[in-house]
Amino acid sequence: ARGERLLRDSLGLHTLHSTEITDVPAAVGAVGALLDYLALTLGQPFLHLQPIRRLRRDAVIAIDPVARRNLELIKPLQEERGATLLSRVDQCATAAGSRMLRQWLLAPLQDRSEVQARQDLVECLMTHRLTQPIGRLLGGCADIERIATRIALGSARPRELVALKDALPVLSQCVELLRRSASLAATVAGSLLPSARLDALAAAAAVDPSIGAMLSEALAEDPPALVRDGQVIRSGFDSTLDELRAVDRDCDSFLAQMELRERERTGIAGLKVGYNSVHGFFIEVGRAQADKVPADYRRRQTLKGTERYITAELKAFEDKALSARERALVREKALYEQLLQMLVPHIPDLQQLARAIAALDCCHALAVVAEQSRWTRPALRDAPGIHIKGGRHPVVEKVVERFIANDCEMDPERRLLVITGPNMGGKSTYMRQIALIAILAWCGSFVPAEACAVGPIDRIFTRIGASDDLAGGRSTFMVEMTEAAVIVNAATERSLVLVDEIGRGTSTFDGLALAHAIAFHLLETSRSLTLFATHYFELTTLATQSLAAVNLHLAAAEHAGGIVFLHQVRQGPASQSYGLQVARLAGLPANLLKHARRTLQALEQAAAAQQPQMDLFSSPPASEPETASADVSPAQSQAAAESRSALQKIADELHSMAVDELTPRYALERIYHWRALVQGGDPQ
């Protein structure tokens, strides 16, 4: 009830039925708590709140914090100042445009008509070469949104109001430039230039002309930074202020005239009349001529070589001049506060103007990037799917000399792409570029591809990389499984899912089983559009179980004992992972790699012979009774039997041992005991 009352009072409403949140009591309580916090923080009413609206789940593509981090939309994964998608496309000329573009990337739209309207405006700017002139106009535009907020809070500064006055006609100038450069009947890529969008921009630009007139009449051309410095209000705006300023302005001429009169009257040639902020007005006479000082002079201050005096006439003028200056500042401050109060009713119009300028600036930034990088306009389809020809990673292509473009075909009949290949081969880059292209497309941007068509997407999920949450008590594998659980429980047929190397934090068989089960669930139950990168080659058999699963691999080639990454996506599974070659590139020692190669060969031979995986804690398999042969002596048979008996005793003791309760000393003693037992010595 308290939250509802606060919300009604803040919005100036009698009822909340128009806000669409009356059926969500938790939302009313949360907003009320936020308003209460703001009231305590600001200590004054805030009049700049915009009408509250309910953001429905089907209005935007949901991208959770995990996906935002893994896709590097706003913040880089590694370096503090690394490249991100926002830094790549943020060519905005205004701060408000940069803020809005950030919101666009974090919450792409699902409304195809609105996204196409953005695309039309981007294409219009590109086709008619308007990016530079629009950028110049917007570059001189102040941050109207923040200035409007400061007006509501009564903290706007004089120079901000002057900047607001200069920014008011900018949007009208941009709209006029658009209308002149492209008539409403001109065609752009087979569709009409969006007259509705231009009309909306023109409506937002039609701010009450009295705002500009009010600011022009009241404010000086170049006011100081703060009101307390004076000279903020234009001369001629207020007669009382002009009179007070005249008294202060005439001070210098009065002092000069008085100085001439007093020199003639006293005969003191070195007499001076001056002023300082500590002692006020004074008449200064050298100490050597102090005997010529008239009787009506009263001593005010004694200095090293001079004496300072004041007269009744000078004191009267001092009272008048100083009070005039103080009263002028008080009057000027009152007029300035009155001006801010007169601007408060216009705050909604200023906020609408600010949003329109920011939206135009976002489209301008997207047009600049599309021009510079040869991006193309994506088609938006009704049916789920992603079809990309010659796609590139929007961030990586900017920092590499030559980026290898790749295609992507995904639809309900081809919805699981199992991607294999070597580390550093480009699997993660390929997966991320598909997601980033989809995000850009539904933001209204052009995309880095030769051709692109994207269907509807409701959510984007990612499961990439390995990290733990020690503060939350979660291991690396627990974090991995938690993220996987979110995906399999929430993904739908319209979701885009990126899974990279899942199941690596546990034993081989456990990880493989989980990876297979998760991939199969996404394929058959969730039916999501899924890119599944893995080193488990056993998962490539999914393509034989379902026609909707397809194997792809990132090509690589061995050359002169090394490896060359081709970064090309090809059909079919990879032949090997090239792990040892990548390890060599990382700088591991040659003798270590030689050891690893021998171990790898042994493991591959064991797998080829289909030998069971060894288990550290399993008992040795029961052996068949052996018969003494001519080649085995009775002594050798006896030794073998004793060795098997010793191993069995060790295994039995391990199974019965409380491992978690062992002390290091006791564990070391048992190891020496077992070694002596196996060697046939005295197990003391």
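In which helix is glutamine 581 found? Glutamine 581 belongs to helix H22, which covers residues 579–586. The model described here is predicted. The protein has 684 residues, of which 42% count as buried, and its secondary structure comprises 25 helices and 17 strands. Among contacts between residues at least 6 apart in sequence, 68% join residues at least 24 apart.

- Leaving out residues up to four places away in sequence, glutamine 581 touches Glu558 and Ile563.
- Glutamine 581 and asparagine 423 are separated by 158 residues in sequence, while their C-alpha atoms are 9.7 Å apart in space.

**Helices H6 and H18**

- Helix H6 spans residues 112–127 and helix H18 spans residues 427–443; the two pack with their axes 7 Å apart, at an angle of about 85°.
- H6 is therefore roughly perpendicular to H18, since angles of 65 to 115 degrees fall in that class.
- On the H6 side the residues that meet H18 are Arg112, Val115, Arg118 and Gln119, and on the H18 side they are Ala441, Trp442 and Cys443.
- Sorted by class, this contact of H6 with H18 has 4 nonpolar, 1 polar and 2 charged residues.
- Arginine 118, one of the H6 residues in this contact, also has its charged end over the ring of tryptophan 104, at 3.6 Å from the ring centre.

- Leucine 109 is located in the loop between helix H5 (95–106) and H6.
- With a relative accessibility of 17%, leucine 109 counts as buried.
- Apart from neighbours within four places in sequence, leucine 109 is in contact with Ala59, Val60, Ile61, Glu114, Val115, Arg118 and Trp442.
- Among these partners, Val115 and Arg118 are also H6 residues that meet H18, and Trp442 is one of the H18 residues that meet H6.
- Leucine 109 lies 332 residues from alanine 441 in sequence, yet the C-alpha to C-alpha distance between them is 9.5 Å.

**Aromatic rings**

- A pair of aromatic rings is described by two values, the distance of the centres and the angle of the planes.
- The model holds 4 aromatic pairs.
- Tyrosine 275 and phenylalanine 281 make up a tilted pair, with 4.8 Å from centre to centre and 45° between the planes.
- The two residues of this pair fall in separate accessibility classes: tyrosine 275 is partly exposed at 35% relative accessibility, whereas phenylalanine 281 is buried at 2%.
- Phenylalanine 281 also pairs with phenylalanine 317; their ring centres are 5.7 Å apart and their planes stand at 70°, so this pair is edge-to-face.
- Phenylalanine 317 has a relative accessible area of 13% and is buried.
- One aromatic cluster is formed by Phe254, Tyr275, Phe281 and Phe317.
- At another ring, that of phenylalanine 282, the charged end of arginine 308 sits over the ring, 4.0 Å from its centre.

- Arginine 129 has a phi near 55°, which is a positive value in a residue other than glycine.
- Arginine 129 occupies the loop between H6 and helix H7 (131–139).
- The relative accessible area of arginine 129 is 69%, so this residue is exposed.
- Glutamate 501 is not a glycine, but has a positive phi of about 55°.
- Glutamate 501 is placed in the loop between strand S14 (496–500) and helix H20 (508–526).
- Is glutamate 501 buried or exposed? Glutamate 501 is buried, with a relative accessible area of 18%.

Notes. Residues numbered from 1 in each chain as written. Predicted model: local features only at pLDDT ≥ 70, side-chain atom pairs only at ≥ 80, totals over all residues. Heavy atoms only, no water. Axes fitted to C-alpha atoms, helices over the stretch in contact; angles between N-to-C directions. Helix = DSSP H or I, 4+ residues; strand = E, 2+ residues; numbered from the N terminus. Parallel < 35°, antiparallel > 145°, perpendicular 65-115°, else oblique. Contact = heavy atoms within 4.5 Å. Nonpolar A, V, L, I, M, F, W, Y, C, P; charged D, E, K, R; others polar. Phe/Tyr/Trp six-rings, centres within 6.5 Å; stacked < 30°, edge-to-face > 60°. Buried < 20%, exposed > 50% of the residue type's maximum accessible area, 1.4 Å probe, protein only. Lys NZ or Arg CZ within 6 Å of the ring centre and 35° of its normal.
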